[in-house]
2 protein chains.
Amino acid sequence: MTQQNNDEKDEFDLRNFLPFLLNQAAEESSLEFQRVYKNRYGMLRTEWRVLFHLGNYGELTAKEIGLRAKIHKTKVSRAVRKLEQRRYLKRTRDENDRRVERLTLTTSGQSVYRELRGIARDYDAKLAAHFTTGEAALLRMMLRRLAGME
Amino acid sequence: MTQQNNDEKDEFDLRNFLPFLLNQAAEESSLEFQRVYKNRYGMLRTEWRVLFHLGNYGELTAKEIGLRAKIHKTKVSRAVRKLEQRRYLKRTRDENDRRVERLTLTTSGQSVYRELRGIARDYDAKLAAHFTTGEAALLRMMLRRLAGME
DNA sequence: GGATAATAGTTGATTTTGTAACTAACAAGG
DNA sequence: CCTTGTTAGTTACAAAATCAACTATTATCC
């Protein structure tokens, strides 16, 4: 109503501020998927991400996952431990550089990944259905650019 | 390289999965603004949001802020207390319904809001400069739709 | 070679968040 | 009125995120 402090010719509206909008959209559009990996698979956000990175790209190190997904190394470390405990992934020391651990999904990790990937695919299609095919493609491109994933 | 598990005709790529993309873009595109409100004003994410809601829309209750910004009431409660302690906002009991608190920015809260709003405006322009004017407008529209802010 | 710095990953202490239970005030129906 | 239910907001305790310090290993360079 009162629209206080918008004295300066209404040049700013929170509802158009990209960091805010992006966050609201991200939050809202991950709710439904979150219920699946959380309630049905007992996973945390970082955990499904690590799982998906390994499922999607194959063998990676913790560091590589952190770089690609912009996840801090302590979070990656803890997610990897959880996934290892559930026997979804296994670590192997790199013999050329013994600081490094190469991570890969176990058979059971792969099967969980495939299940979740199917759900993700459907859910993504449902979200994209808000738009025309062209709009959705443009949206993904714009998001990749904003995310610095060019 | 190996692209494991993409056996199923490459119908899925994490880099195109909207919930992931949205989150990456949201994360990346709020880093710079975060440094400002965090390091320079000692605020948390929920705190600048509450501040901006009051600055942008005027007097609101905690509940209204929670609804508009999809922030859980306990988070709003704590952010309000912090902002009150810093004398950025004041609460007044609604005399018609004494459960309700009407929140408004103090003079000093308004001045912090205006400073941050200026920074936000510039930053938003910088982000939008990745795109044409039309693309940026479309992006905002699509994000509002995904966020259920129609 | 040996000191120094850098890197991969982990651990511990502190903050922040999330979940549930709580208080206080109001509403509705008997 | 008075029990029962609902709502606004807070608080307590558990879960998770953050930040700094740590170990172990490799790289640099004098």
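Helices (H or I, at least four residues) and strands (E, at least two) are DSSP runs, numbered from the N terminus. Residues are numbered from 1 along each chain as its sequence is written, chains are lettered from A and ligands numbered from 1 in the order in which they are written, and side-chain values use heavy atoms, with hydrogens and water left out. As the model is predicted, local features need pLDDT of at least 70 and side-chain atom pairs count only at pLDDT 80 or more, while totals for chains, interfaces and linings use all residues.

Two strands are taken to pair if DSSP finds at least two bridges between them. Strands of a sheet pair through backbone hydrogen bonds, either parallel or antiparallel. In chain B, β1(B) is joined to strand β3 (residues 101–105) by two bridges, and these strands run antiparallel. Chain B has an open sheet of three strands in the order β1-β3-β2, with antiparallel pairing. Its edge strands, each pairing on one side only, are β1 (60–61) and β2 (89–93) of chain B.

In chain A, strand β1 (residues 60–61) and strand β3 (residues 101–105) pair in the antiparallel sense over two bridges. Strand β2 (residues 89–93) of chain A is joined to β3(A) by five bridges, also in the antiparallel sense. A:R102 in β3(A) stands opposite A:T61, and A:T92 stands opposite A:R102 as well.

The contact between the two protein chains, where contact means heavy atoms within 4.5 Å, takes 65 residues from chain A and 64 residues from chain B. The size of an interface is often given as the accessible area lost when the parts come together. Here the buried area (the accessible area, 1.4 Å probe, that two parts lose on being put together, summed over both) is about 6900 Å², and carbon and sulfur atoms give 60% of this area. Between chain A and chain B, 18 residue pairs, both residues at pLDDT 80 or more, are in polar contact. A polar contact is a pair of N or O atoms within 3.5 Å; within protein, one must be able to donate a hydrogen and the other to accept it, and residues adjacent in sequence count only if both atoms are side-chain atoms. On the side of chain A that touches chain B, the elements giving two or more residues are α1 (18–28), α3 (45–57), α4 (62–69), α6 (107–128) and α7 (133–146) of chain A. The residues of this side divide into 30 nonpolar, 16 polar and 19 charged. In this division Ala, Val, Leu, Ile, Met, Phe, Trp, Tyr, Cys and Pro count as nonpolar, Asp, Glu, Lys and Arg as charged, and the others, Gly among them, as polar.

A salt bridge is a side-chain nitrogen of Lys or Arg within 4 Å of a carboxyl oxygen of Asp or Glu. Four salt bridges are found across the interface of chain A and chain B. In one salt bridge, B:R121 pairs with A:E11, and the closest N and O atoms are 3.9 Å apart. Over all chains the count comes to 26 salt bridges. A:K126 forms a salt bridge with A:E32, with the closest N and O atoms 2.9 Å apart. A:K126 lies in helix α6 of chain A and A:E32 in helix α2 (residues 31–40) of chain A, so this pair ties together parts that are 94 residues apart in sequence.

Sugar and phosphate account for 58% of the atoms of DNA strand C that come within 4 Å of the protein. The elements giving two or more residues to the surface near DNA strand C are α4 and α5 (73–85) of chain A together with α5 (73–85) of chain B. The largest share, five residues, comes from α5(A). By class, this surface has three nonpolar, five polar and 13 charged residues.

Around DNA strand D there are 20 residues, of which A:R98, B:K63, B:S77, B:R81 and B:R91 come nearest.

Definitions and conventions
Near = heavy atom within 4 Å.
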